[in-house]
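Take a look at the structure below before reading on.

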Amino acid sequence: MESIVVRGGRKLSGEVIIDGAKNSALPLIAATLLAENGCSRLDNVPDLRDINTIIRLLEGMGAVISRQGGRLEITTSVVGNCQAPYELVKTMRASILVLGPLMARFGEARVSLPGGCAIGARPVNLHIKGLEMMGARISVEHGYIIGQAGRLKGADINFDVTTVTGTENLMMAAVLADGVTVLRNAAREPEIVDLASFLRKMGAQIEGDGTHTITITGVEKLLAADYQVMPDRIEAGTFMVAAGISDGDVVIKNAPLAAMAAVVTKLQEIGLLIEPLSPEEDDDDELHEDNGLLAGVAVRVRRGLDGLKALDVRTMPYPGFPTDMQSQAMVLLTLAEGTSVISETIFENRFMHVFELQRMGADIEVEGRTAIVRGVAALSGAPVMASDLRASAGLVLAGLAAEGETVMSRVYHLDRGYAGFEKKLKALGADIKRVEEN
Ligand code: EPU
């Protein structure tokens, strides 16, 4: 097993380029299952463990996939096996995203029910309920969701809880259904807009993505299409914190700034200067696409003269502050002046990093879903253990600012969602390396 070793105290500087969004690429790859013929080409796909998992999942179904750098070419006309086995689903819950497309195109699916998760219970009852409302017969047998249907039927579905992958799954189920489906209290995340844009390129009729009410009119068939994955707003936010916590000066390129308002506002209030570069200064034209919310831009990030100030953070569905940035914001606030209150409203157990940060000298108290963070003058390096993807990013960020050496084990969590994280940080001047554990 590998560890990341970081010696804190270096001010980061230079440029970093943000990769494609993991949480967009996963549903986009699942959506290629809907194409009856042709080869879909996805660009800007990040090189991540979770992407490898979904590729293996589709290949197991018979899809033919080739990969060159950030481009994936996927042919799904030959898919014949509608199964998602436990061995893959247990390593990545987002595997559930194949359920909607399989039910839509083939009227059958056998998908392992995801088990427990480190950050919360994370049930998929709303995915199942929605499919049942569309006419599917669903049972759970031997740990598998077994779905059967003729052609799915359009339905009026109201989500009790806003769910990102639930909205994506039912949107993909509805595109080939008979009639109109209305998804109410739908998630509004930019990744949903990205998925809807791709589905429209495949021939789907979707309106209202990005709002709480999405209307989908089913069509007879979808065809393969070419698409570019939006940049990763969580990776961009993580590098903003890296610049701020190290007291550095970093240009972050291909950051989807329009999709990051809540994060940018909070980080600015904490004390970071976040300034978009003018198009003349932003020389990477290739990465620009004229698609508003989903476009990447270059932004300069450093710490303001007044230092870091305490602030309250409450995680919420988009457009609120994302739970996937909670640990990173917390790490920044451990070094801010004053007391911050962080409320985690999405997942019931997403404070595992707190106990590791305490070992690094942070002053944090947890009461239920609230963490009270009292700023300290400095953190000190320590051996720490990653518990989930975003927690691991937070611990590396803490290591950048800590005195001495931090050794983070269980790096595989980080590799699920950050492409070459330590390489990008090293290129910005961090003293960081990956080592093989004994
Ligand atoms: N929920 C239900 N029933 C359901 C579905 C969800 O009760 O059927 C609850 C969950 O338990 C949770 C809340 O609804 O309390 C929201 O969960 P959601 O379904 O939105 O989460 P998700 O779709 O499983 C995605 C991201 C997560 C991100 C969350 C919240 C992907 C592949 N994953 O998960 O990303 O934290 O939305 O924004 O898009 C990560 O990248 O590190 C990550 C965990």
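At what angle do the axes of helix α8 and helix α9 cross, and within what distance do they come? They cross at roughly 10° and come within 11 Å. Keep in mind that this is a predicted model, where local features need pLDDT of at least 70, side-chain atom pairs count only at pLDDT 80 or more, and totals for chains, interfaces and linings use all residues. Residues are numbered from 1 along each chain as its sequence is written, and side-chain values use heavy atoms, with hydrogens and water left out.

**The helix pair**
- Helix α8 covers residues 233-245 and helix α9 covers residues 261-270.
- Their crossing angle makes α8 roughly parallel to α9 (angles under 35 degrees count as that).
- In this contact (heavy atoms within 4.5 Å), α8 brings Gly 237, Met 240 and Val 241, while α9 brings Val 263, Val 264 and Leu 267.

**The pocket**
- The second largest pocket has a volume of about 180 Å³.
- A pocket here is an open set of points on a 1 Å grid where a 1.4 Å probe fits, with protein on both sides within 12 Å along at least five of seven lines; lining residues have an atom within 4 Å of a point.
- Its lining has 14 residues, and Ile 245, Asp 247, Arg 303, Leu 335 and Ala 401 lie nearest the centre.

**Ile 146**
- You'll find Ile 146 in strand β9, residues 144-148 (a strand is a DSSP run of E, at least two residues; a helix is one of H or I, at least four).
- Ile 146 and Ile 119 sit 27 residues apart in sequence and 26 Å apart in space, C-alpha to C-alpha.

Key
Points joined across faces, edges and corners; volume = space filled by probe spheres on them. Axes fitted to C-alpha atoms, helices over the stretch in contact; angles between N-to-C directions. Parallel < 35°, antiparallel > 145°, perpendicular 65-115°, else oblique.
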